[in-house]
Structure formats: C-alpha cells, structure tokens
Amino acid sequence: MKIGIIGAGNIAEEHLKVISSIKSISVSSIYSRTKKKSDILAKKYKIENVHSTLEKFIDNCSCDGIYILVSASQIYNITKKLIPINIPLFIEKPAGLIPSQTLELLKLSNKYKTLNMVGYNRRFYSIYEDCIKLIKNPKEISNIVVEGHERIWKIPKKTNNSVKQNWIYANSTHTIDLLRFFGGDIKKVTNMSKKNNNYLSIINFKNGIIGEYFSNWNTPSGWSVKIYSKNFYINFSPLEKGYYIDKQFNKKFFKEKKYDKKYKPGFYMQTISFISLIKNKINKWPSVNLNDVYKTMKLAEKIKNNY
C-alpha cells in the first residue's frame, strides 16, 4: 500500500515514525512548501519521490492514500484541491478553521465520494479504549465533565491570525470532540457564561447523560475529562493519564499500551484505522470523517455563540 505525504513539519515526522514501522505500507511521495524539509524527511524515511509543487504531487500521484499534514491555516485549501482526485484522505485537524469551511469540504467529499478520516488522535488512546471497555453500557454514565482550558498567552506570536481568531475551532475542538466521543450525540447546549474566553456550558446528550464543558483561556490549568456513574468515577488529568475508583473505593490506573509509549499517543491505532478505511471503504468507530467533525464544529459554535 503506497502513501503520499503533504507537509514536512514536526507533525508529519510523528506520522512517518508510525508509518515506517508498518511493513504493509510505504511512503512513495512527499510534498511541502519548503522543499528542503521534504528532502530531509525523504532521505531519513527513504521516500523515493519529492515534489516541488502540489500540482506535480497530484499529477504524479499513484497513491492508495494521502496524508494532509500541513499547518492549520493551509489544511482547508489543500484538502479542497485533493478531494476531487478521489483518493482516500487522512486530514489533520482542523479540517476547516470555521464550521462553514468544514461543511464545504463535507459536501465536496460527498459529491466525489472521497473516503476521508480526520485526525482526532485522542480518540485512539489505548487508555480510552480500556475506559470504554470498563463502561460497557453508556447508560451507566450520569455525568461527563470536560475541562478544555487554553493558555492563550502561550500561543506563539508567529501563529497565523486566522488561526488565532478561530482558536476554539483550530485547537479547542480537541477537547470538545471528547464530549461526543464519551457521551454520543448532543441534544441541547445551554451556556452559563457570557464572558469572552471563559466558556461554561451544560450539555444534554440524547441518551440522557448530562455533561459540562468548562474552558478558561487565562489559566495555567490543563485539560481533563471526568466521568461519573453509580458504579465508578473515572479521571483523566492530564488526558494522557487516568484512573478509576469503584464503589469499594479501590483505585486503579489505566495502563497505556507499548505503542502509545513509543509513538505520539493515539497515532499508531489511528494509522491502523486509516489503513482499514483504505482497505474496507468504511470508517470504523472511533474514527471520524468530515461528517462527524462537522458535528463537533457545530457543537463548538454553540458553545461559543449560543448565549
């Protein structure tokens, strides 16, 4: 199976570490705006074809799947150009900087019937897989609390202005997506805060779960997820570490699999899921495509605007 890579930054190398470890796939071509970076990765990961323009990449593409691993400000435009060639796409998040861009990509993918997957890697954490097995039945859950605090003063000055202005979509959807991951489809959003960069929302899920999303953009606090039921309490804080407490007050820690220690957490099983999409022509949960991501973007929009 041949893979094409668009982008040559840090995130591209994190993906290449995983891809190069799987014998059934290989990277056949790479393109980035900075050819020097492409050349470095091509030499390191034995990539045969390095293209100097996106047009040359597309014209010479004989790939079974393509990874779009560019900066947040570029993803929408490049994805828009690639969807019509009808090769399965792995799209790093965010697929669009605003919900309307994501919707446009969704409509385009439906028109050309282009298989796609968007990279919300936290869905593939091995400790989350074990958490889901522990829960067994979502009806056991009574409450989900997600804290998605943003250290707004830490955003690099070189960050694109459109990305800064849409930070809730560009970055906060990492945590907002976890509401849908653990709780399912949303019925209603009620916002309790009217202050800029300080979001507090009550989430009613269709299955009866009550959720809360809290995000303060001016605190050093980090991201977390807490899940409550009559039989257990689950805590992920930070998101990569977690434990649960049962009714007898026994505390047990979730243990991450070896591949989440070796690679960026979630990336290995995320890659396996994309391979499955290419082979079987279907997204299997917890994988998400543009349709799912648009739902997450609309949820972020309600949290942002629905006062």
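Accessible areas here come from the Shrake-Rupley method with a 1.4 Å probe. By that method, the chain has about 15,100 Å² of accessible surface, and carbon and sulfur atoms own 50% of it. Keep in mind that you're looking at a predicted model.

**Overall shape**
- The chain has 307 residues, and a compact globule of that length would have a radius of gyration near 19 Å; the chain's value is 20 Å, so the two agree.
- If you follow the C-alpha trace along its principal axes, it spans about 60 × 40 × 35 Å.

**How it's put together**
- You can count 12 helices and 14 strands in the chain.
- Of the 307 residues, 52% are buried.
- Take the contacts with a separation of 6 or more: 68% of them link residues 24 or more positions apart.

**Charges**
- There are 52 positive side chains and 23 negative ones.
- The centres of those two sets lie 1 Å apart.

**A look at Arg180**
- You'll find Arg180 in helix 9, which covers residues 173-183.
- Is Arg180 buried or exposed? Its relative accessible area is 11%, and buried means under 20%, so Arg180 counts as buried.
- A polar atom of the Arg180 side chain sits 3.3 Å from the backbone oxygen of Asp292.
- Asp292 also turns up among the contacts of Arg180 beyond four places in sequence, along with Arg123, Asp185, Ile186, Lys295, Thr296 and Leu299.

How values were computed: Residues are numbered from 1 along each chain as its sequence is written. This is a predicted model: local features need pLDDT of at least 70, side-chain atom pairs count only at pLDDT 80 or more; totals for chains, interfaces and linings use all residues. Side-chain values use heavy atoms; hydrogens and water are left out. Helices (H or I, at least four residues) and strands (E, at least two) are DSSP runs, numbered from the N terminus. The radius of gyration is taken over C-alpha atoms; the globule rule is 2.2 Å times the number of residues to the power 0.38. Buried means under 20% relative accessible area, exposed over 50%, partly exposed in between (1.4 Å probe, protein chains only). Contact means heavy atoms within 4.5 Å. Lys and Arg count as positive and Asp and Glu as negative; His and the chain ends are not counted. The place of a charge is taken as NZ of Lys, CZ of Arg, CG of Asp or CD of Glu. A polar contact is a pair of N or O atoms within 3.5 Å; within protein, one must be able to donate a hydrogen and the other to accept it, and residues adjacent in sequence count only if both atoms are side-chain atoms.
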